[in-house]
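Subject: Structure for your files, with notes

Hello,

Here is the structure I said I would pass on. My notes on it follow below.

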Amino acid sequence: YRSKPLGTSQSHVVVIHCSDPRYQPHFQDFLHAGLGLTHYGLIAIPGGVELLSPSETSNTLRNQGGAWFDFMCKLMTAQRCILIGHADCRWYVESRIEPDESCLKEHLSRDLNAVRAEIHRRLPLVDVELYFAELQGEVVSFTELTEPVVTTTSRTRDRRHLQVESS
């Protein structure tokens, strides 16, 4: 196999999301079709941002996640960072980070916001966007989060709500 020429334009975007195979094609489609990104630096690991968040209790693992993020930001000369969490994250549930699935969106929202705050502290010139993805059959809805989700009062505000269907 030999790939077709894809161009060499430099991207200044770093993306972090979960490596859950149920969501992979949807994440890629959202990044390409929904946000218009063709090139970006990607960190895809179980739980996505969890490794960089207060939910990660191991300093060794959090430091390793920070090293990966720093490397990608330097490599991409990052100006923008996109963080994506998703419903039904098996890493959060099975690792008992958040065993109660009814609280998962709120927990992930807190982690996404904590990671955004840490990125702003360390790299104040990098724009950070947060999205939450929810699988509904063959369609995933992506909602941009602008403040922490509180499930009991539904205080989620979103500037953009996109649905991306698998092709």
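A residue counts as buried under 20% relative accessible area, as exposed over 50%, and as partly exposed in between. Asp 88, at 25% relative accessibility, is therefore partly exposed. Please keep in mind throughout that this is a predicted model.

Overall layout

The protein chain has four helices and six strands. Their order along the sequence is β-α-β-α-β-α-α-β-β-β. The chain has 167 residues, of which 45% count as buried. Taking contacts between residues at least 6 apart in sequence, 67% join residues at least 24 apart.

Strand 1 covers residues 13–17, and five of the five are buried, so the strand is largely enclosed by the rest of the structure. Val 13, Val 15 and His 17 point one way from strand 1, while Val 14 and Ile 16 point the other way. Both sets are buried.

Strand 1 pairs with strand 3 (residues 80–86) in the parallel sense, over five bridges. In that pairing, Val 13 stands opposite Arg 80. Strand 1 also pairs with strand 2 in the parallel sense, over four bridges. There, Ile 16 has Ile 43 as its bridge partner. Together with helix 1, strands 1 and 2 make a right-handed β-α-β unit.

The buried residues of helix 1 are Gln 24, His 26, Phe 27, Phe 30 and Leu 31. Part of this list can be read against the helical repeat. An α-helix has 3.6 residues a turn, so residues three or four places apart point the same way. After helix 1 comes Gly 36, with a positive phi near 70°.

Which residues form the aromatic cluster? Tyr 23, Phe 27, Phe 30, Tyr 131 and Phe 142 do. The structure holds four aromatic pairs. One of them joins Phe 30 and Phe 142, which are stacked at 4.0 Å centre to centre with 5° between the planes. Phe 30 is in helix 1 (residues 24–34) and Phe 142 in strand 5 (residues 139–145), so this pair ties together parts that are 112 residues apart in sequence. Phe 30 is buried at a relative accessible area of 0%, and Phe 142 is buried with a value of 0%.

Ser 53 sits in the loop between strand 2 (41–44) and helix 2 (59–76). Is Ser 53 buried or exposed? Its relative accessibility is 0%, so Ser 53 counts as buried. The Ser 53 side chain makes a polar contact of 3.3 Å with the side chain of Asp 111. Leaving aside neighbours within four places in sequence, Ser 53 is in contact with Arg 62, Tyr 92, Asp 111 and Val 115.

Asp 111 and Val 115 are among the buried residues of helix 4. The buried residues of helix 4 pack against helix 2, strand 3, helix 3 (90–94), strand 4 (127–136) and strand 5. Helix 4 itself (residues 104–122) has 19 residues. From its first C-alpha to its last, helix 4 reaches 27 Å, close to the 27 Å expected at 1.5 Å a residue.

Two residues with positive phi

Asp 88 lies in the loop between strand 3 and helix 3. Asp 88 is not a glycine, but its phi is positive, at about 55°. Arg 96 is found in the loop between helix 3 and helix 4. Arg 96 is not a glycine either, and has a positive phi of about 65°. At 61% relative accessibility Arg 96 counts as exposed, whereas Asp 88 at 25% is partly exposed.

Regards

Technical notes:
Residues are numbered from 1 along each chain as its sequence is written. This is a predicted model: local features need pLDDT of at least 70, side-chain atom pairs count only at pLDDT 80 or more; totals for chains, interfaces and linings use all residues. Side-chain values use heavy atoms; hydrogens and water are left out. Rings of Phe, Tyr and Trp (its six-membered ring) pair if their centres lie within 6.5 Å; planes under 30 degrees apart count as stacked, over 60 as edge-to-face and the rest as tilted. Buried means under 20% relative accessible area, exposed over 50%, partly exposed in between (1.4 Å probe, protein chains only). A polar contact is a pair of N or O atoms within 3.5 Å; within protein, one must be able to donate a hydrogen and the other to accept it, and residues adjacent in sequence count only if both atoms are side-chain atoms. Contact means heavy atoms within 4.5 Å. Two strands pair if DSSP finds at least two bridges between them. A crossover is right-handed if, with the strands pointing away from the viewer, the path from the first strand over the helix to the second runs clockwise. The expected span of a helix is 1.5 Å times one less than its number of residues.
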